[in-house]
Amino acid sequence: MPGIFLSYRNIERSWAPMLVDRELSRRFGPENVFQAGRSNLPAVHFPTEIDRRVDKCDLLIALIDRPWVGEDLHLLRDSGDWVRREIARALGQGKRVLPVLLDGAEMPRTAEVPDDIAPLTRKIALRMRPRTVDTDLLRLIGEVERLVPELVLATLMDPAPPKNVGGPALLRAEHQVLPFRHRGELDLLAKWFSAPAGPPVKLVVGALGAGKTRLGLRLAAQVRGSGRPAGLLSMTAPAECLERLGEIGSPCLVVLDDAEVRPAQVRAALRSLAAAPDAPARLLLLARSGGDWLDDLRDDADDAVADLVDSIVPLSLAPLRPAEEDFATACTAFARHLGLPLRSLPSDRPETPTLLELQAAALTHVLSPDTPLDRPLRRILGLERAYWRKVGTAFGLPEPSDRVLAEVMAAVTLFGADSEPEADGLLASLRAFRGGPVQAVDSCRDLLRAVLPGTGPLNPLQPEQLAQEFVADFLDSDHRLAELLDGVSDEQARRALRNLGRYLERHPRISGSVEDFLAAAPGRLLPLALTVLPSVPQPQLLVSAMSGALGRTPQGELLAVVDALPLRSDALARFAVDATERALGARDADAGDFTTARLARRLSVRLTYLGERPSDAAEAARSAVRTLTALTVRGAAQQESVTAGSGPGSVAGELAEAHAALALALDLDPSRRDEAVAVGETAVAQYRALPDRDRHGAALATALHNQSIRLRRVRAMPAALAAAAEARRLVEPLHAERPTRFRSLYADVLDNLSIVTHLTGHPDEAERLGRETLALRRALAAARPDAYRSQLAGTLFNLGLLLTENERKGAEARRLWGESLSIYETLSVHRPGYYDEARDRVRAHLDRRKADHDD
């Protein structure tokens with residue numbers, strides 16, 4: 001473990017050694033700071049211990065006061081002087097030495113000190129004075145973190161869980177009551193950590209109860225056993241501290257559990273590692289899934305971060321099933337841990353689908369042998385409620401009934417608190433304490449610290465499966481979460497929505513309660529719900545509740561919901577159409593204002609994305625075009641909240657996007673291809689007239705790409721090739737500069753360009769472009785299969801078509817088509833009917849090719 005050695009002359013004459021020791025120990029832990037007056041134990045051989053500690057430390061801090069450089073300076077001439085010996089030994093071993101000048105002391109001249117500590121005088125020193133001591137100490141801590149980033153790691157890890165825990169808290173993975181069952185993924189992760197090169201980040205995904213946390217803890221224990229620092233990152237660790245992860249000079253492992261709900265910490269760690277590609281630190285992310293939360297990181301403004309995220313290939317963890325002997329093993333372990341006698345085991349062992357429920361049944365048997373073992377999580381909750389009542393009475397809670405305690409525990413588990421004011425606001429809003437004495441809330445907080453211990457001001461019921469069961473029961477009992485909204489911050493409301501979204505996976509029956517909660521304040525909660533969807537494993541369940549709440553949203557709050565919608569999301573596609581249509585319907589159709597036009601354009605784009613109601617999509621886009629054209633002609637945009645110029649959000653820019661949206665909507669109707677080409681040409685011309693900025697460069701490239709496809713369909717090949725080539729020239733530098741952000745657009749452009757190139761008589765160039773496209777599509781589909789597998793299937797089919805003209809490549813073409821067909825068949829299972837045409841087209845080509853080959 002890295003450490004700090006404090007070197008000083010006389011502790012009795014200066015305030016500094018003890019104060020510095022106290023503050024550094026508070027920040028980095030007393031075990032990582034050596035101060036002889038505190039750290040040396042009786043009977044220890046002083047010279048040996050001093051030498052050992054200097055040899056072990058990573059940083060020696062030399063505290064230099066006025067006497068050190070004044071009347072005591074002559075002491076350094078003695079080769080046995082301890083101050084000289086400490087500093088010389090550290091310098092001789094090449095260790096970091098930081099001088100700190102106290103009370104206005106000045107650094108001695110090099111000639112005034114012995115040669116073996118002369119390098120000390122050439123180091124830049126910090127200063128510390130009594131009147132600025134608080135600021136000086138903060139600067140000292142910052143310098144220590146910069147010089148020895150390994151020390152930061154020691155402060156970020158969760159401490160070992162307390163040994164005197166009882167009740168359901170023992171079911172948490174951190175207590176590791178049930179012995180770890182070896183699994184092959186551990187070997188893979190151990191090999192990844194010990195490899196001298198390779199990706200610094202791994203992601204393990206698995207359902208609730210799959211054993212992700214136990215796997216991470218086990219790997220960390222193995223790493224620590226090899227002498228390397230490792231551990232589970234604390235939920236309360238400041239994100240700023242992780243910015244030094246890449247500076248750690250020796251191998252270490254940070255395990256970050258529930259990564260999908262900790263974006264700030266994940267992003268800080270990734271940025272640090274991306275900035276130091278050769279750093280030996282390793283980051284293990286544990287999450288339910290690698291969904292939209294990972295996509296948000298792929299869009300990071302720092303390309304190095306985005307590329308690092310792109311390199312992550314999730315390792316999927318299958319849930320472990322209980323073995324025959326696990327129940328007896330768990331009973332024995334719980335009894336030993338709790339110091340209780342182990343009663344005879346029941347003849348009928350419980351049949352439980354997960355290890356957690358098996359452990360819950362074992363804990364129930366140990367705590368209450370006569371309690372039935374069916375529905376073990378419910379049985380544990382029953383025992384826990386009895387314990388809460390007993391403790392609640394002891395703390396003097398008013399009416400410690402089941403209802404009061406249930407409301408308290410559910411509110412704390414769902415909303416939580418990051419600060420004392422948030423905790424006070426939440427508790428004061430509870431029905432049991434409204435209008436009551438302040439001491440009642442204080443008693444409640446004492447109760448919560450006793451029964452729900454943890455590092456935060458308020459800590460949730462654990463483990464999460466038990467919390468889910470409890471909250472579901474709470475909501476089944478007709479409790480209304482909306483009553484608490486006035487007492488919670490947006491961050492607390494966001495946390496509650498995230499928890500509810502995760503709980504819906506196992507308890508879909510609470511969807512009505514979730515909808516009621518959202519509908520209580522939709523203008524506030526629906527935009528917050530949009531931000532938590534990336535961290536919800538099955539977002540459609542939460543989206544369904546959001547859709548129900550949307551129908552109960554006042555008209556005046558709809559626009560805020562629409563403005564909060566992301567540009568693209570498969571999970572929100574239908575919700576986005578519904579929200580936009582409702583917001584548009586709530587406005588005066590004849591108002592002719594910019595906001596109404598933009599809503600109409602958004603509705604058109606979202607309907608086109610769904611591939612539904614083409615006539616409505618076209619009419620919405622036409623309405624936007626008419627309004628924006630009128631604004632431009634009349635000059636009425638001067639009175640709008642946007643400018644009439646050509647920047648982002650301008651009328652000119654919005655008019656170009658409205659024409660592009662209309663062309664896409666017309667593309668849905670094969671009978672209107674000529675009209676689509678004409679409108680697409682207008683969109684391209686309007687984009688060209690806008691300033692040459694990145695946003696418009698990408699927009700123009702997209703418009704040219706779409707126009708090339710339209711021209712290809714009407715067999716205007718020279719124009720189609722020219723548009724495709726120009727689109728490539730525009731997007732290629734964007735992709736080179738920001739590959740993660742523009743990879744999908746670049747792949748689209750190359751895919752179409754390969755087809756047009758082939759149709760205009762250049763098969764070799766078309767094949768080269770097709771293979772380049774396929775590599776891009778494979779990378780996109782590997783990173784985000786839910787969004788890009790269909791595009792991969794299309795490119796596989798297109799490249800196969802290009803290869804069929806070369807008889808020697810017919811076998812490869814069949815392989816590509818076979819892979820394409822397999823993808824389409826898989827997609828058709830999840831979205832029946834949507835991919836039938838593409839699937840049947842690939843199948844027909846395969847069958848025809850097979851027939852030709854048989855002939």
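A residue is called buried when its relative accessible area is under 20%, exposed when that area is over 50%, and partly exposed in between (1.4 Å probe, protein chains only). This tour uses these words at several stops.

The structure is a predicted model, in which local features need pLDDT of at least 70, side-chain atom pairs count only at pLDDT 80 or more, and totals for chains, interfaces and linings use all residues. Residues are numbered from 1 along each chain as its sequence is written, and side-chain values use heavy atoms, with hydrogens and water left out.

**Stop 1: the sheet**

Helices (H or I, at least four residues) and strands (E, at least two) are DSSP runs, numbered from the N terminus. Two strands pair if DSSP finds at least two bridges between them. Select the five strands that form an open sheet with parallel pairing, in the order β2-β1-β3-β4-β5. Which strands stand at the edges? They are β2 (33-34) and β5 (126-128); each has a single partner strand, so one side of each is left without a neighbour in the sheet.

Next, select β1 (residues 4-7) together with β3 (residues 59-64), which pair in the parallel sense over four bridges. Within this pairing, Phe5 has Leu60 of β3 as its bridge partner.

**Stop 2: Arg214**

Proceed to helix α9 (residues 212-225) and select Arg214. Is Arg214 buried or exposed? Its relative accessibility is 16%, and therefore Arg214 counts as buried. Contact means heavy atoms within 4.5 Å. Leaving aside residues up to four places away in sequence, Arg214 touches Ala173, Gln176, Leu178, Pro179 and Phe180.

**Stop 3: aromatic pairs**

A pair of aromatic rings is described by the distance of the centres and the angle of the planes. Rings of Phe, Tyr and Trp (its six-membered ring) pair if their centres lie within 6.5 Å; planes under 30 degrees apart count as stacked, over 60 as edge-to-face and the rest as tilted. The structure holds four such pairs.

Select Phe415 and Phe517, an edge-to-face pair with 6.2 Å centre to centre and 80° between the planes. This pair links distant parts of the chain, 102 residues apart: Phe415 belongs to helix α17 (residues 402-415) and Phe517 to helix α22 (residues 511-520). Both Phe415 and Phe517 are buried.

Then select Phe797 and Trp817, whose ring centres are 6.0 Å apart and whose planes stand at 35°, so the pair is tilted. Phe797 is in helix α35 (residues 785-803) and Trp817 in helix α36 (residues 810-830), 20 residues apart. Phe797 and Trp817 are both buried.

**Stop 4: salt bridges**

Side chains of opposite charge can pair when their charged atoms come close. A salt bridge is a side-chain nitrogen of Lys or Arg within 4 Å of a carboxyl oxygen of Asp or Glu. The structure holds 53 salt bridges.

Begin with Arg26 and Glu23, which meet in a salt bridge (3.4 Å, N to O). Both lie in helix α1 (residues 16-28), three residues apart, about one turn of the helix. Arg26 is exposed at 59% relative accessible area, whereas Glu23 is buried at 14%.

Now select Arg601 and Glu657, whose closest N and O atoms are 3.3 Å apart in a salt bridge. Arg601 lies in helix α27 (residues 594-610) and Glu657 in helix α29 (residues 651-667), so the pair ties together parts that are 56 residues apart in sequence. Arg601 and Glu657 are both buried.

Finish by selecting Glu825, Asp836, Arg839, Asp840 and Arg843, which are linked in a network of salt bridges.
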